[in-house]
Structure formats: structure tokens, C-alpha cells
Amino acid sequence: MSYFRIKYGFAILASILFLSCGSSESTADKQENYQRLTSIVKTGEFQIDNQFLFPMQGGQIDLTTNPAYMKFYGDSVSIHLPYFGTRTSGNLTTNKGGIVYEGLVSDLQVQELDNKQQLEISFECTARNEHLSFDIIIYSSGKATTDVKLSNRLGVSYQGVLSKLKNEK
């Protein structure tokens with residue numbers, strides 16, 4: 001009996017040591033990435049390509065085969081995000097179904113959280129008689145989480161990656 005405890009205890013310890021020895025970003029690398037991302041966001045022209053959607057009801061949805069982006073042009077955005085959720089009220093007068101908006105935003109705020117090496121972006125807009133509120137956190141790795149609150153539908157979250165705005169031809 002004690003032989004099995006020792007054997008499994010050793011296997012657990014070896015697993016923990018193996019996992020903890022994985023490569024991790026150094027503090028200098030994180031700082032360099034944070035500065036690079038901060039400079040991209042300060043230009044006002046960047047995009048977030050989302051790979052996953054997290055509805056309030058249900059599990060994670062893979063978006064890698066769907067266009068799911070937010071493009072920033074200074075104080076304007078172009079948003080095309082799929083939506084999987086429930087309408088709570090109101091009348092959506094379109095068959096697009098997703099979160100689609102192009103135009104100016106209001107209350108645009110960009111906050112640099114140097115101590116966490118994160119950027120927080122928030123803004124609001126109105127699309128098709130629905131008020132939308134966006135809260136975005138960008139991590140030093142370039143990953144971004146976007147929480148969207150909607151006036152007529154349940155909120156959703158997205159996970160993606162920030163990059164420079166790609167040239168469109």
C-alpha cells in the first residue's frame with residue numbers, strides 16, 4: 001500500500017516540476033511587449049481579431065472560421081461580431097443577427113495600467129436602436145478580452161488578439 005503512495009506521490013511531484021519548468025515570459029519581455037502594444041493603441045489605428053465567444057448562457061464558441069473583428073480608426077470603429085445569445089427586449093430591425101456597427105463612438109477612454117501591464121479601453125455606441133457598451137482589456141501578451149453589454153440582448157464576451165490595423169485594398 002505504501003509503495004503505491006510513494007509511486008503516485010512521485011508521479012505527482014514530477015508532473016508539478018515538469019509543468020513549472022515550462023518557458024515563461026521574463027519581466028523584461030512582458031515590459032517590452034506592453035510598450036509595443038501601448039504604442040500600437042496610441043496610434044489609434046489597430047484591430048482586435050476575436051477567436052472565441054463566451055455567451056452568458058452556454059459554452060465557448062470557436063470563431064476562427066467567422067469574421068469577428070473590431071477595427072479602430074481614431075474615434076471611429078468598424079465592428080463585426082457574431083452574436084449567440086438571447087434577446088431580452090426591444091425590436092431588432094435587421095436580419096444581420098450579430099453586433100454590427102460602423103461609425104463614431106462616444107465616451108472613448110484608454111487607460112494604461114502600468115503596474116499590471118494592461119490596457120483598458122472602453123466606449124459606447126448605438127446600433128439599430130440598441131445601446132452597446134464595450135470594455136476591453138489588453139494584456140502584455142497581446143491577448144484581448146472584450147465584454148459587451150447590450151440594451152436589448154444578454155451580454156457576451158470575446159477573446160482575441162490585438163494587432164496593427166491591416167492594410168485594406
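Analyst: Strand β6 (residues 106–113) and strand β7 pair in the antiparallel sense over 6 bridges; two strands pair if DSSP finds at least two bridges between them. Helices (H or I, at least four residues) and strands (E, at least two) are DSSP runs, numbered from the N terminus. This is a predicted model, where local features need pLDDT of at least 70 and side-chain atom pairs count only at pLDDT 80 or more, while totals for chains, interfaces and linings use all residues. Residues are numbered from 1 along each chain as its sequence is written, and side-chain values use heavy atoms, with hydrogens and water left out.

Let's start on the β6 side. S106 stands opposite E124 in β7. The two strands form a hairpin with 4 residues between them, and Q117 in that turn has a positive phi of about 55°.

Now the other side. β7 also runs antiparallel to strand β8 (residues 130–139), joined to β8 by 10 bridges. Here L119 stands opposite I138 in β8. This hairpin has 2 residues between its strands, and R128 in the turn has a positive phi of about 50°.

How covered is β7? Of its 10 residues, 7 are buried (under 20% relative accessible area; exposed is over 50%, partly exposed in between, with a 1.4 Å probe and protein chains only). The largest nonpolar core has 33 residues; such a core is a set of buried Ala, Val, Leu, Ile, Met, Phe, Trp, Tyr and Cys residues joined through side-chain atoms within 4.5 Å. Among the members touching the most others are F123 and I138. β7 (residues 118–127) supplies the largest share of this core, 5 residues.
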